[in-house]
Number of protein chains: 2
Amino acid sequence: MKGLLVALAGGVGGAKLAWGLAQVLPPEKLVIVVNTGDDAVFHGLHVSPDLDTVMYTLAGIVNPEAGWGVADDTTAALGMLGRYGAPTWFRLGDRDLACHIRRTELLGQGWTLSQATRELCLALGVQHSIVPMSDDSVRTTILAEEGELPFQVYFVERRCEPPVREVLYVGAEKARPSPLFEAALNEAGALVFCPSNPYLSIDPILSLDRVRQRIAGLTVPRLAVSPIVGGEALKGPLAKMMLELGEKPSSTNIARHYEGLCDIFIIDDVDREEAEEILALGMPVEAMPIVMRSPEDKMELARRVCALAGY
Amino acid sequence: MKGLLVALAGGVGGAKLAWGLAQVLPPEKLVIVVNTGDDAVFHGLHVSPDLDTVMYTLAGIVNPEAGWGVADDTTAALGMLGRYGAPTWFRLGDRDLACHIRRTELLGQGWTLSQATRELCLALGVQHSIVPMSDDSVRTTILAEEGELPFQVYFVERRCEPPVREVLYVGAEKARPSPLFEAALNEAGALVFCPSNPYLSIDPILSLDRVRQRIAGLTVPRLAVSPIVGGEALKGPLAKMMLELGEKPSSTNIARHYEGLCDIFIIDDVDREEAEEILALGMPVEAMPIVMRSPEDKMELARRVCALAGY
């Protein structure tokens, strides 16, 4: 067993595989690098939805129905914030709010997002490293037919309804990878693209200063798990977005997206017929069940990913 | 009926009389000026305990058992803040937290505390003016035997146990009265010292730049309601503090405290025997029931205060 397995993840789908990997690998062998392009300020508080989804999932306190937020949470504070005239379309639970309050306090005291994330994770007993992609600000912005929309406005307030023309990662080209992401790239024994939305979760990471080139130059195994199964996204607006961007929602088109960055492409058994086309892109294909419904599903997929990565 | 009735108030006791006055006087005739020396920052949020107690009381949502906080509140966020390592001895409920989050957001956007207070009050349907004593920072600090203690540390964390040597109002001499307090002093038709702790609630107001002199120079009726009944404080550490500061807890000593600032001193019927001594200080005394247990008590005391003030 060699170096770190570096997993690139976004929200719910990424968090599921990250949880599986954390059951299979010890803390010193795994780094989960999480998209922060979705970060936003609500009520003056710094909210990092993807970081929190991964953190709550690994801490075992995630809301199992939603896949995000804290289990059994209440919305007493949000109700009052609404009375005070604040917008409440971004549903922040009371338990969840504590995380944003604490993070904002720490950032206000000069902590980096990496340091604050580590503090919060340790407090919840998460031993594995969950690392923001960057301590600098990157803001995923949807260029829709109607104009530019901040990510959470598009994703939550507008429920992904506005047709997407382009996705922008504002600030990404000047944003440096976080120190632990940087270190993980230097010590990587393998790299895994979790089954997250490439446009919304992975591309913000790849858009950071020199990250795409760094990953293109890695000589360790690089694997991607497709977020598309049978032409449908496992969660979220990916299939709809691909259509709007002029691409058929298929694992092949996801593989094309990662061309030059990925050595082994993992698809679901139901998409076996795409294997040949993906292989033609220079990526050997592995087919297996990739829909993660149960803890066993997550662990089994994680085990097979690790085996393919030589772990 | 002439000018504004200006009520100076602190926390729970002041809020009760302020509520009574708000039932008796229309919004355009009453200004409630509230101590902000107790303000503190918890979890990076600006908390104004006295302002909130008065606001929640007038809005009809105060926790009736405690006299402060929001009725039927929960502490889900506080529980998580504790897990994240934040101190939780200052009990902030979820509904209460929304107020501090919103206030902090508005202050961060450049609003003054006066403006933020007005916004919050209007959102809760409070028509009467609740005005912070100052938009500048004043920090009531307890000089205890063991050294200086920030007010909330003394009051809440240490439960008023450390013996008090002196009470300091840090920043008061340079703090200006808030614009609406200033305007109210100019248009005052009467001034009322609510039955609040003089050291902790009223003196911070009197310590503001030129406020003591302004009140000393007022020619309109100035009334005080004693916070001491039968040698005991109606609420809080006042009697204990007076003993520690070398004064017998009595209405007479409270009257002495307001000498030169007050024209009519209102005591409870049980303290009638003190009337002569207080009169000797130059203050005619009115005795009546001043313990406010029911809404009727509060309204009746408010009616009698207004009548004495010529309203």
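**View 1. Helix α4 (residues 94-108) of chain A packs against α3(B) at an angle of about 45°.** The axes of α4(A) and α3(B) are 7 Å apart in this predicted model. Angles under 35 degrees count as roughly parallel and those from 65 to 115 as roughly perpendicular, with oblique as the class for what is left once roughly antiparallel is also set aside; α4(A) is therefore oblique to α3(B). The crossing in which α4(A) passes α3(B) is right-handed. From α4(A), the residues that take part are A:D94, A:R95, A:L97, A:A98, A:C99, A:I101 and A:R102. They meet B:A76, B:A77, B:M80 and B:L81, which lie in α3(B). Sorted by class, this contact of α4(A) with α3(B) holds eight nonpolar residues, three charged ones and no polar ones.

**View 2. Chain A and chain B meet through 25 residues from each chain.** On the side of chain B that touches chain A, the elements that give two or more residues are α3 (76-83), α4 (94-108) and α5 (113-123) of chain B. Which of these elements gives the most? It is α4(B), with ten residues. The side of chain B that touches chain A is made up of 14 nonpolar, six polar and five charged residues.

View 3. Two copies of a chain are related by a rotation about an axis and a shift along it. The same surface serves both copies, since 100% of the contact residues of chain B recur in chain A.

**View 4. Within chain B, α4(B) packs against α5(B) at an angle of about 140°.** The two axes, of α4(B) and α5(B), are 9 Å apart. Angles count as roughly antiparallel over 145 degrees, and α4(B) is thus oblique to α5(B). Their crossing is right-handed. The residues of α4(B) in this contact are B:C99, B:R102, B:R103, B:L106 and B:L107. Facing them in the contact are B:L113, B:A116, B:E119 and B:L120 of α5(B). Six residues of the contact of α4(B) with α5(B) are nonpolar and three are charged, while no polar residue takes part.

**View 5. Helix α1 (residues 12-24) and helix α2 (residues 49-59) of chain B cross at roughly 35°.** Their axes come within 9 Å, and the crossing of α1(B) and α2(B) is right-handed. On the α1(B) side, the contact is formed by B:V12, B:G14, B:A15, B:A18, B:W19 and B:A22. These residues meet B:T53, B:V54, B:T57 and B:L58 in α2(B). How many residues of each class does the contact of α1(B) with α2(B) have? There are seven nonpolar and three polar residues, and no charged ones.

**View 6. Chain A is divided by its domain assignment into domain 1 (4-138 + 169-308) and domain 2 (139-168).** The centres of domain 1 and domain 2 of chain A, taken over C-alpha atoms, are 19 Å apart. In the contact, 19 residues of domain 1 of chain A meet 13 residues of domain 2 of chain A. The elements that give two or more residues to the domain 1 side of this contact are β8 (164-170), α8 (198-206) and α10 (238-244) of chain A. With four residues, α8(A) gives the most to that side. The side of domain 1 of chain A that touches domain 2 of chain A comprises twelve nonpolar, three polar and four charged residues.

Methods: Residues numbered from 1 in each chain as written. Chains lettered and ligands numbered in written order. Predicted model: local features only at pLDDT ≥ 70, side-chain atom pairs only at ≥ 80, totals over all residues. Contact = placed C-beta atoms within 7 Å. Nonpolar A, V, L, I, M, F, W, Y, C, P; charged D, E, K, R; others polar. Axes fitted to C-alpha atoms, helices over the stretch in contact; angles between N-to-C directions. Left-handed = near helix turned anticlockwise from the far one by under 90°. Domains from an automatic or database assignment.
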